[in-house]
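Student: Hi! Could you walk me through this structure?
Tutor: Happy to, take a look here.

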Amino acid sequence: MLRSDQVLVTVGTACSMSAVGSTETYQARVAGSDEWLPLAAFDAGLVELDPDAAHAGDGMRWADGDHAGQPVSLDELERLHGDALRENSGIRHVPGVRERAPRVVTDIAAPLPHDLETVGLRRLAGLRFEDIRASRLKEMHGLFQNDPLLSPSLQSQLFAYGALGALAGLPRPLPEIVSDPFAFRVASATAFGGLDGLGQWLRPDAPLPEGGFPKDTFAVRLAHSLGSHGPALVSTMLSPAYGISRVLKNPELRESLRSENVGFMRVPQTPLTAVGACASSLVALADVAPQLLFDYPGFQKPKMVLWTAADAALQPAYGILEAFGGGALMTGDKLAAKNAAHADGVVRSVHDSLAPFDIDADGTVVGHGGSGLLVTTLDFALRHHLDITSIIVGWGQSAEAGGKAHFAGVGFGGENALVQALDMAYEGHGYGVHDFHYLAAHATGTRTNSKTDLGTALAGLRGAAQRQGLEGDLPKLFVGTPKAVGDGHTMGETGLKAVAQALQFVLGRKAPGVPTLRRLDPDLADVAGHFTLQAEPSEGMADGGAICATQGFGGYNGAVALRSATADAFARYACDADVLKDYLAAWPTIRAEREVRERVARRSPKLALAMAERHAWKGLDA
């Protein structure tokens with residue numbers, strides 16, 4: 001029986017920002033709620049919401065213009081802005097991109113909605129110059145100048161929004177829960193190392209290639225597009241330090257950062273950043289999870305981890321589209337050809353052009369996104385009355401090239417990471433393959449990946465079942481993917497995005513199916529029979545299990561297995577009886593308060609700044 005300090009759990013629900021919008025906007029879209037429209041209007045800066053209202057449409061007011069502050073009804077919002085809000089979110093044609101041809105090979109992508117890529121995300125997060133200058137983080141104002149060259153990159157802003165937004169799940173300021181900043185980690189992920197990649201385009205003594213660009217535009221564009229200092233920015237906003245020149249002039253600043261932990265200063269810890277292509281965020285979890293559990297003399301293991309990932313895959317100048325090439329991407333021409341070939345006259349819109357597992361799957365759609373989620377041990381969460389939203393019962397990573405080269409899922413061995421996760425679930429927690437019901441699939445939107453996506457999942461389940469001594473039919477997992485809802489394909493963030501949706505499933509709430517599925521790819525006829533594939537969402541299971549498995553470029557694979565957090569589930573572990581009894585008695589209140597707290601924070605302006613001000617360690621005002 002595992003001890004409660006040997007079990008990892010998630011706290012709260014993931015905070016995210018993507019092509020569909022914020023976390024709540026996305027969930028409203030999955031659930032088919034009429035809250036989607038006011039939430040989208042809030043993301044767009046059109047309205048202010050009453051964060052205390054149970055429904056987002058109650059108490060809306062215009063945010064600016066001649067009618068600023070005046071009430072607005074759902075009907076009025078629909079009439080004035082409904083069409084534009086729908087058209088300007090999710091997967092869509094991106095104006096101005098075709099003019100870059102042949103350097104840019106498609107006009108279909110999943111950028112952030114509305115104006116979020118220019119000034120909107122900084123407004124929503126509270127990262128504008130005037131916001132920071134008037135806040136408790138005013139000493140950082142130089143990082144947030146209005147000059148784009150001095151402002152955080154879009155990817156850094158995505159990191160800040162998703163990561164810091166996850167802190168809304170905490171009932172008290174972070175320093176009251178984790179008093180020592182050294183006991184807190186930021187575990188982050190992105191698809192490729194940008195700055196390192198830029199430095200390695202050419203040997204220093206090599207002549208410049210024709211036109212100034214190396215032939216391997218794939219590596220160049222990915223490196224240029226996806227580099228970021230976002231994780232360090234998040235760490236610094238929570239535990240600020242001071243420049244050497246300032247400390248030399250003001251020695252008391254250094255003393256303000258002295259820790260009660262003798263020998264250690266209260267300074268930001270270098271974030272762990274995993275770089276493993278699409279599997280990056282799951283690889284990051286597999287890297288940091290042992291740190292939370294490791295016990296060795298002298299090792300100071302973290303008590304809580306902020307797990308975060310972000311991609312601004314289309315920046316700059318849509319370079320990633322050139323990196324992929326037209327063969328791997330859905331294009332406007334491909335979409336038109338697909339529609340012309342359908343004799344039934346059904347037209348697939350650009351919004352549902354990413355179609356994994358469908359006969360129309362002819363290319364992925366690259367998008368932007370960022371997410372954040374808190375991870376700690378069961379023991380720590382119980383003692384601090386943190387709302388436990390799932391139990392992480394297994395994780396795994398593998399990096400066998402298997403002939404894949406640069407193509408995700410082409411080759412063999414991708415099931416190894418999943419087998420590792422299912423081995424942990426079985427041997428450590430007592431959950432077999434029949435205890436999992438939902439697969440948050442990689443689902444890039446190509447026919448090749450559709451085959452390997454389900455094929456490796458089935459191989460992993462079969463391998464785990466064989467190791468568990470099971471015979472007979474395997475469970476038919478319900479397959480879902482956030483990408484087909486309109487988020488498109490983020491790179492390093494895609495695994496954490498999948499976990500965000502798997503969390504909804506194990507909480508007993510709606511989780512996405514494959515909404516763009518119409519005609520199952522006939523090449524999947526055999527393997528698809530082992531899964532439940534449908535357009536409609538799943539209702540979720542409050543006592544269920546979910547697995548997320550992601551395949552990455554070059555053979556990097558990651559997987560995680562989740563189970564619902566219930567009183568019966570906690571009974572599997574050796575917990576302090578009094579601590580557990582106290583927690584279970586308070587749990588309904590803990591959960592209700594957390595849900596309200598997250599709703600209020602995520603429907604209020606300046607989310608990232610508000611969370612940083614609330615949860616930063618002391619020393620900030622010295």
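Tutor: Below we chat about cysteines, a helix pair and a loop residue.
Tutor: This is a predicted model, where local features need pLDDT of at least 70 and side-chain atom pairs count only at pLDDT 80 or more, while totals for chains, interfaces and linings use all residues. Residues are numbered from 1 along each chain as its sequence is written, and side-chain values use heavy atoms, with hydrogens and water left out.

Student: Is Cys 15 buried or exposed?
Tutor: Buried, because its relative accessibility is 1%. Buried means under 20% relative accessible area, exposed over 50%, and partly exposed in between, using a 1.4 Å probe and protein chains only.

Student: New topic: where is Glu 260?
Tutor: Glu 260 sits in the loop between α12 (252–256) and β8 (272–275). Helices (H or I, at least four residues) and strands (E, at least two) are DSSP runs, numbered from the N terminus.

Student: And is Glu 260 buried or exposed?
Tutor: Glu 260 counts as exposed, because its relative accessibility is 80%.

Student: What separates the C-alpha atoms of Glu 260 and Asp 423?
Tutor: A distance of 40 Å, with the two residues 163 apart along the chain.

Student: Which residues make the contact between α1 and α2?
Tutor: On α1 they are Glu 24, Thr 25, Ala 28 and Arg 29, and on α2 Trp 36, Leu 39, Ala 40 and Asp 43; contact means heavy atoms within 4.5 Å.
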